[in-house]
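The sequence and structure come before the description.

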There are 2 protein chains.
Amino acid sequence: MGSKEKLEALIKDQGELVRKLKSAKESKEKINNEVAKLLELKSQLSCENAENQKFTLKTAKGTRDFSPQQMAIRESVFQKIISVFKRHGAETIDTPIFELKEVLTGKYGEDSKLIYDLKDQGGEILSLRYDLTVPFARYLAMNKITNIKRYHIAKVYRRDNPSITRGRYREFYQCDFDIAGAYDPMIPDAECVRVVQEILESLDIGPFVIKLNHRALLDGMFEACGVPPEKFRSICSAVDKLDKSPWEEVRKEMVEEKGLTDEVADKIGQYVQMSGNSELVEKLLADTSLSKVRAAVEGLEAMKLVLNYCDLLGVKGKAVFDLSLARGLDYYTGIIYEAVLLGETTVEDVAGSVGSIAGGGRYDNLVGMFDAKHKQVPCVGVSIGIERIFAVIEAKLLAGTSKVRTTEIEVYVASAQKNLLEERMKVCKELWDEGVKTEQSYKKNPKLLAQLQHCEEYGIPLAVILGESEIQKGVVKLRNVITRNEVEVPRAQLVEEIKKHLQPSYINGST
Amino acid sequence: MGSKEKLEALIKDQGELVRKLKSAKESKEKINNEVAKLLELKSQLSCENAENQKFTLKTAKGTRDFSPQQMAIRESVFQKIISVFKRHGAETIDTPIFELKEVLTGKYGEDSKLIYDLKDQGGEILSLRYDLTVPFARYLAMNKITNIKRYHIAKVYRRDNPSITRGRYREFYQCDFDIAGAYDPMIPDAECVRVVQEILESLDIGPFVIKLNHRALLDGMFEACGVPPEKFRSICSAVDKLDKSPWEEVRKEMVEEKGLTDEVADKIGQYVQMSGNSELVEKLLADTSLSKVRAAVEGLEAMKLVLNYCDLLGVKGKAVFDLSLARGLDYYTGIIYEAVLLGETTVEDVAGSVGSIAGGGRYDNLVGMFDAKHKQVPCVGVSIGIERIFAVIEAKLLAGTSKVRTTEIEVYVASAQKNLLEERMKVCKELWDEGVKTEQSYKKNPKLLAQLQHCEEYGIPLAVILGESEIQKGVVKLRNVITRNEVEVPRAQLVEEIKKHLQPSYINGST
């Protein structure tokens with residue numbers, strides 16, 4: 001029996017004793033005496049419980065902290081992506097993490113159940129943002145902005161079933177680039193494709209393609225195949241499964257679950273298994289069924305134009321016209337695209353489970369939903385699947401040998417003997433004054449070995465080593481941490497010498 | 001009278017008619033007839049109201065969007081601050097925006113009522129983070145980290161009464177730098193003071209001082225004055241008001257509300273009106289009352305040490321020992337500090353209402369609250385009042401004439417005639433390939449004037465101007481947007497020429 005159980009038994013006995021004394025109407029003094037003992041035992045038990053009670057030390061379900069290493073990777077990826085956005089002239093905005101619930105209502109269909117609501121603590125009813133696109137549309141309508149090219153990198157929230165292995169979290173970053181404004185057809189749309197290409201190339205995460213399709217073409221194709229209009233949506237979501245399931249399964253769903261005839265399903269099957277380039281567009285424009293349907297021709301003409309612009313913008317070979325692409329049709333009104341990593345690289349296993357790493361399209365009606373007069377602001381944009389990209393890059397780094405630096409310290413100020421803290425502080429001050437990234441131990445008398453180990457652990461390229469005898473001679477030692485080579489430098493010229501050593505080429509060796 | 005008012009008048013009349021019929025006990029049929037008319041009128045009114053009802057197009061109370069201009073200012077401020085943090089070797093981490101509610105419970109005293117809770121949608125009970133310090137402590141305890149130097153810049157949430165004029169929002173950024181680890185006294189503490197100094201100097205927002213005090217000294221001072229220990233806390237929060245109220249008012253509160261004798265209050269008054277440097281420390285160490293109290297001597301010795309280290313680190317003249325500083329004592333266990341803008345600059349009015357712009361101190365017990373065995377990790381840190389700093393800088397920029405650039409575009413590709421879209425695209429492609437920040441109009445045939453106005457509006461330094469006749473000659477025009485000077489450049493050497501023009505000195509003129 002543990003001490004807790006013993007205590008509980010004692011309390012039970014003592015309680016009974018008190019009750020007995022009370023019912024026997026014993027003297028108040030005697031009763032109080034035993035009650036005091038009972039209270040003492042109870043207080044012991046509550047201490048015992050408190051001792052054993054473990055504080056739940058975890059982050060909320062589906063969320064996580066990021067360590068300095070992870071942050072260093074994230075920041076370098078963000079920098080690369082932002083530099084592409086800036087190369088294309090994008091501004092950035094920010095919106096609050098929560099919106100009035102009614103702003104989000106009716107925008108996400110079935111997925112609305114995944115929205116995080118805030119508790120009603122009096123006042124407005126609020127929800128955490130589910131994506132960055134709806135707040136963007138609300139921002140445009142609210143500020144009557146009719147054209148803007150903006151990027152927004154921020155966290156969004158979905159009460160989805162988290163799957164850590166598949167990189168699905170409840171709090172995750174989105175990374176959006178959108179062009180709003182009434183412009184000529186396919187010009188901003190093609191630039192979005194170019195932006196995706198530049199980003200994926202700059203991240204160097206392996207071969208990829210950017211699949212393109214058009215909403216009007218999908219509708220027109222269904223019409224040409226004889227799908228009744230009320231089934232366009234549900235057949236479309238069946239087509240959307242083609243990236244994971246073979247045609248035979250999707251066909252079965254269309255016929256058995258969604259009630260298409262075999263003939264109609266087979267017609268669809270012929271189309272959705274096609275992918276290619278502008279030659280395919282020409283072929284389909286000549287297709288007797290499609291050419292009769294206005295929406296199909298409209299979609300094909302748009303594809304022709306965007307593929308031509310993509311060629312001019314240097315995206316040839318990466319942009320593929322793919323009739324099976326059917327993503328997010330609730331939302332999109334024109335071109336849609338999706339970038340997919342090709343799984344034949346060193347990160348095959350990760351990429352295999354990673355799939356789509358960017359996607360987007362044209363959504364011309366969303367802003368109007370927020371405007372009292374339903375004034376539209378046409379938009380086209382792309383969302384980079386940043387969490388998936390992090391997963392790929394982290395896996396790549398783990399597989400490799402190179403260490404990620406989490407600080408940018410250039411110089412470590414060390415001492416070889418005791419009682420040199422003040423000297424170290426003076427050197428640090430001089431270096432900070434000159435903008436040199438410098439640190440020292442926070443111990444008064446740290447061991448030299450520990451100091452040098454810190455340099456190696458954090459990849460700090462240079463160490464200043466202060467010693468009594470050197471100080472008397474008016475010099476300090478400057479150590480190259482990688483080569484372990486040491487030189488004596490006059491104390492008065494230390495900062496100057498260090499700056500010479502901190503030429504980019506010199507540092508990069510260890511970065 | 002509008003249709004709404006007419007309807008309301010009709011409803012009023014009809015209502016009276018119904019009441020009359022009822023009181024006259026008319027036939028049920030007659031009454032029902034008139035009631036039906038009344039209901040019809042009411043339904044017309046509710047339609048009328050619905051037509052006029054506008055969608056609530058706003059952000060949640062106490063929150064706001066940031067425009068590209070505001071974001072450009074924020075990013076430049078963040079960059080300056082981060083570069084100081086990095087100069088001191090700080091790593092960065094990130095934590096989720098919400099925590100299990102129990103993580104926050106019991107950390108903020110009375111202010112706990114300001115915590116935003118999430119709705120219980122099944123599963124864990126969550127709250128939005130109130131600051132970055134508690135999540136940091138949770139992170140250290142959870143990952144058993146015993147030393148780290150980290151910064152964290154992120155949004156926090158408080159259901160406070162928003163005051164836009166005073167820059168108080170419900171969603172706002174915190175910007176924290178903390179050093180965790182068991183080190184020698186005052187070494188990391190002094191570096192925090194240096195970090196604050198570097199940041200405020202690099203932001204160039206006017207003269208400031210950093211006030212320093214020590215918790216042990218405050219306690220010791222109260223003891224020496226004869227304050228009963230149970231009143232230390234409440235007297236301390238009275239002292240905390242000295243930055244806003246004169247001594248006479250604070251004294252009144254101490255005597256009338258908090259029950260000190262006149263004598264005790266006057267003794268406190270002598271001390272808390274003192275401020276100075278290490279000479280003041282020496283004077284107080286010789287003070288007959290204080291020198292008898294162990295905590296006071298301990299606090300004074302610590303002040304002596306930290307002021308000496310501050311001098312060595314070059315903070316002399318900015319760091320002021322101030323006995324009236326009493327901030328956040330629930331939290332802090334050692335040194336406390338607070339930076340205050342001095343209101344004698346061009347931003348006087350803003351700074352006047354701005355006051356404290358950074359603050360912090362040592363908190364050695366917080367991490368232990370999260371550890372099952374109450375293992376302590378001593379911490380010291382500083383929080384930069386970034387929202388107040390933004391307010392000061394925005395006011396400064398509004399007062400000035402310089403325009404904030406919201407993009408970094410270097411070259412605008414324009415056309416002087418129709419049908420040159422494809423030529424523009426080719427030039428853009430070449431420039432993007434070379435990493436030049438380039439944009440063009442998304443219109444097929446934009447007007448030249450509109451294109452040049454765009455360059456001026458966005459501060460784009462260079463414009464390439466394509467024209468039919470130039471293309472035939474194999475040249476393009478390169479225009480300096482500021483000087484309006486144009487040169488002809490061979491098309492084949494365009495990229496090379498542009499790169500020559502984009503020397504840093506050339507661009508900075510317009511940045």
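Glu124(A) counts as partly exposed because its relative accessibility is 28%. In the terms used here, buried stands for under 20% relative accessible area, exposed for over 50%, and partly exposed for what lies in between, with a 1.4 Å probe and protein chains only. The areas come from the Shrake-Rupley method with a 1.4 Å probe, and for residues only the protein chains shown count as cover.

The model is predicted: local features need pLDDT of at least 70, side-chain atom pairs count only at pLDDT 80 or more, and totals for chains, interfaces and linings use all residues. Residues are numbered from 1 along each chain as its sequence is written, chains are lettered from A and ligands numbered from 1 in the order in which they are written, and side-chain values use heavy atoms, with hydrogens and water left out.

**Salt bridges**

The side chain of Glu124(A) meets that of Lys58(B) in a salt bridge, at 2.6 Å from N to O. This pair crosses between chains: Glu124(A) sits in the loop between α4 (101-104) and β3 (126-128) of chain A, and Lys58(B) in the loop between α2 (28-52) and α3 (68-87) of chain B. Lys58(B) is also partly exposed, at a relative accessible area of 29%. A salt bridge is defined as a side-chain nitrogen of Lys or Arg within 4 Å of a carboxyl oxygen of Asp or Glu. Helices (H or I, at least four residues) and strands (E, at least two) are DSSP runs, numbered from the N terminus.

A second bridge links Asp65(B) and Arg138(A), whose closest N and O atoms are 2.6 Å apart. Because Asp65(B) lies in the loop between α2 and α3 of chain B and Arg138(A) in helix α5 (residues 133-142) of chain A, this pair joins two chains. Both Asp65(B) and Arg138(A) are buried.

Glu439(B) and Lys149(A) form another salt bridge, with 2.5 Å from N to O. Glu439(B) belongs to strand β13 (residues 438-440) of chain B and Lys149(A) to strand β4 of chain A, so this pair too joins two chains. Glu439(B) is buried, at a relative accessible area of 4%, and Lys149(A) is buried at 8%.

| Glu124(A) | Lys58(B) | 2.6 Å |

Over all chains, the whole structure holds 72 salt bridges.

**A positive patch**

Arg166(A), Arg168(A), Lys244(A) and Arg388(A) form a positive surface patch. Patch residues have over 30% relative accessible area and no salt bridge, and like charges are joined within 9 Å. Arg166(A) is in the loop between β4 (148-157) and β5 (171-180) of chain A, and its 52% relative accessibility makes it exposed.

**Strands and sheets**

In chain B, nine strands make an open sheet of mixed pairing, in the order β1-β4-β5-β11-β10-β9-β6-β8-β7. Two strands count as paired if DSSP finds at least two bridges between them. Within chain B, strand β9 (residues 335-341) and strand β10 (residues 356-362) are antiparallel, with five bridges; Ile336(B) has Gly361(B) in β10(B) as its bridge partner.

In chain A, strand β12 (residues 411-415) is largely enclosed by the rest of the structure, because five of its five residues are buried. Val411(A), Val413(A) and Ser415(A) point one way from β12(A), while Tyr412(A) and Ala414(A) point the other way. β12(A) pairs in the parallel sense with strand β13 (residues 438-440) of chain A over three bridges, and Val413(A) stands opposite Gln440(A) in β13(A).

**Hairpins**

Strands β15 (residues 475-480) and β16 (residues 486-490) of chain A pair in the antiparallel sense over five bridges. Val475(A) has Pro490(A) as its bridge partner in β16(A). Five residues lie between the strands of this hairpin, and Arg484(A) in the turn has a positive phi of about 60°.

In chain B, strands β15 (residues 475-480) and β16 (residues 486-490) are likewise antiparallel, over five bridges. Arg479(B) is bridged to Glu486(B) in β16(B). Arg484(B), in a hairpin with five residues between the strands, takes a positive phi near 65°.

Terms used:
Patch = residues over 30% accessible without salt bridge, like charges linked within 9 Å, V, L, I, M, F, W, Y side chains within 5 Å. Lys, Arg positive; Asp, Glu negative; His and termini not counted. Charge placed at Lys NZ, Arg CZ, Asp CG, Glu CD.
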